Amino acid sequence: MNVLPELLTSLGTAVLHLLIQPYYYIAILFIALYYRRQVALERKLIHVKLHSWGPETWRTVWTGGVMGLVVSLAAVALGVSVTYTAVACIWVVSLVLMLFRVRYLCFAYAIGTLGIVQFVLSFFPETLQSGAAGTVAAAVREMDIPALLALAALLHVAEALLARWQGPRLATPLFLAGKRGKVVGGYQLQAFWPLPLFVLIPAGTGIGELPWHPLLGGGLGLVSLPVIIGFSEMTQGMLPGRKAARTFGRLLVYSAVLLGLSLLADLWSPLTVVAALAALLLHEGLSWYSALEERSLSPVFVHPPAGRKVLAVLQGSPAQELGILPGEILLKVNGVLLTSAAQLHEALRMNSAFCKLEVQNREGESKYLQRALYAGDHHQLGIILVPDPDGGITAEAKPSSIFSIIGMRTGTRQRGVQADRLGRAKKTPPAEAKQESAGV
């Protein structure tokens, strides 16, 4: 039987539904708003922007589209199926969960929640049989939760790959309040991708059969299922690349466990609620373990006794051209040993046409760099230094909320100690203030 024309016709219908439904556009709008807030946060903390919200949004859209096609092919091969009513249920649950925490927008949370709801409804087969509530309850009862959890596992493989490939370059440098009240440098690795998925229609609905025998069933027809995937990490004790690599490995392990449980649940239905609970609890466990790991690590982005440590480097800047990397230490600029951030600019002004740098790399070895200076070059070569330990502004050491993203609230704040000093300076008489300053 030639099924290709029928599949292509079904694909065209699914693409049309993708374009006329609001879910995919909601995903893109959310991502654009997130990157706009990211730019606002960077301007607030470091006074320049490392990312541009327009190009970043476009990059996530096209890379998410490519990854969506790959995941769709894998899902069709496995036989994952869903109805349009189930698509609406998944999105409603996702949007409700997102109000609590942005990372709950993850597909695994919505499917895990619906799997638990389905399990509860199985004890009350005679309830919710009519009206709008009955329609929703019927859609939840008919969901193939094991197949959808298998799809969630595939999505986390895609998330792991994207986090490994794009996570480091998407990292936003932060000034954070350290354990001892001092300001330290850190990074927020947070990104989202919209994936247009195409999965099968459930078998036994009057449609043709697939020419192969998929593990999870599914009939000859396609349904569009737009989803958002993403990850959120924060680190003070690792470089962004290392943090992204660890996230990659843990997400792959999570995906393998979830896929195994979903396939077992498909073979023996009582395991469905176990797989749904695992989707939620294991995902929360990843977040908890990552936070515990960070608390056990010493901050990496603090200044050494000699030199100034690099927190970030601007794209296309002289520093990037010279090969300076985050985590390296600027020891000398034009022969001047750096002991403060202000000295970097002053040392560069000593020779307006040329600069010589002594840099200590991450392995502790010195390298000597030099470059001509041109009009329009960044006044600090495009180098973002680790914050001063007594700096006056910090960012919140927690993931963004949906309300802060929509309201463009950066979450930065003036430190209490700095505010107290300013307040005391205003209240202290001039003679007394002079005496106090001399004592310090």
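Contact here means heavy atoms within 4.5 Å. In this predicted model, 72% of the contacts between residues at least 6 apart in sequence join residues at least 24 apart. The protein has 440 residues, of which 50% count as buried. Its secondary structure comprises 14 helices and eleven strands.

The UniProt record, an unreviewed entry, carries the annotation "transmembrane region" for residues 14-35, 82-100, 107-125, 145-163, 184-203, 215-235 and 247-265. Two of these spans were examined in the model. Residues 14-35 are 91% helix and 0% strand, and the C-alpha atoms at the ends of this span are 29 Å apart. Residues 145-163 are 100% helix and 0% strand, with the end C-alpha atoms separated by 26 Å.

Packing between two helices is described by the angle between their axes and the distance between those axes. For H2 and H3, the angle is about 140° and the axes lie 9 Å apart. The crossing of H2 and H3 is right-handed. On the H2 side, the contact is formed by Tyr24, Ile28, Ile31, Ala32, Tyr35, Arg36 and Val39; H3 contributes Trp53, Glu56, Thr57, Arg59, Thr60 and Val61. Classified by residue type, the contact of H2 with H3 consists of eight nonpolar, two polar and three charged residues.

The loop between helix H2 (23-46) and helix H3 (53-78) contains His47. The relative accessibility of His47 is 64%, so this residue counts as exposed. Backbone geometry was also considered. Most residues other than glycine have a negative phi. His47, although not a glycine, has a positive phi of about 65°. A positive phi also occurs at Asn334, a residue other than glycine, where the value is near 50°. Asn334 is located in the loop between strand E5 (329-333) and strand E6 (336-337).

With a disulfide taken as a pair of cysteine sulfur atoms within 2.5 Å, the count is zero. Buried means a relative accessible area under 20%. Cys106 has a relative accessible area of 9% and is therefore buried. Cys355 likewise counts as buried, because its relative accessibility is 0%.

How values were computed: Residues are numbered from 1 along each chain as its sequence is written. This is a predicted model: local features need pLDDT of at least 70, side-chain atom pairs count only at pLDDT 80 or more; totals for chains, interfaces and linings use all residues. Side-chain values use heavy atoms; hydrogens and water are left out. Helices (H or I, at least four residues) and strands (E, at least two) are DSSP runs, numbered from the N terminus. Buried means under 20% relative accessible area, exposed over 50%, partly exposed in between (1.4 Å probe, protein chains only). Axes are lines fitted to C-alpha atoms, for helices over the stretch in contact, and angles run from 0 to 180 degrees between N-to-C directions. A crossing is left-handed if the near helix is turned anticlockwise from the far one by less than a right angle, and right-handed if clockwise. Ala, Val, Leu, Ile, Met, Phe, Trp, Tyr, Cys and Pro count as nonpolar, Asp, Glu, Lys and Arg as charged, and the others, Gly among them, as polar. UniProt positions are given in the numbering used here, feature names are shortened, and annotations may be inferred rather than shown by experiment.
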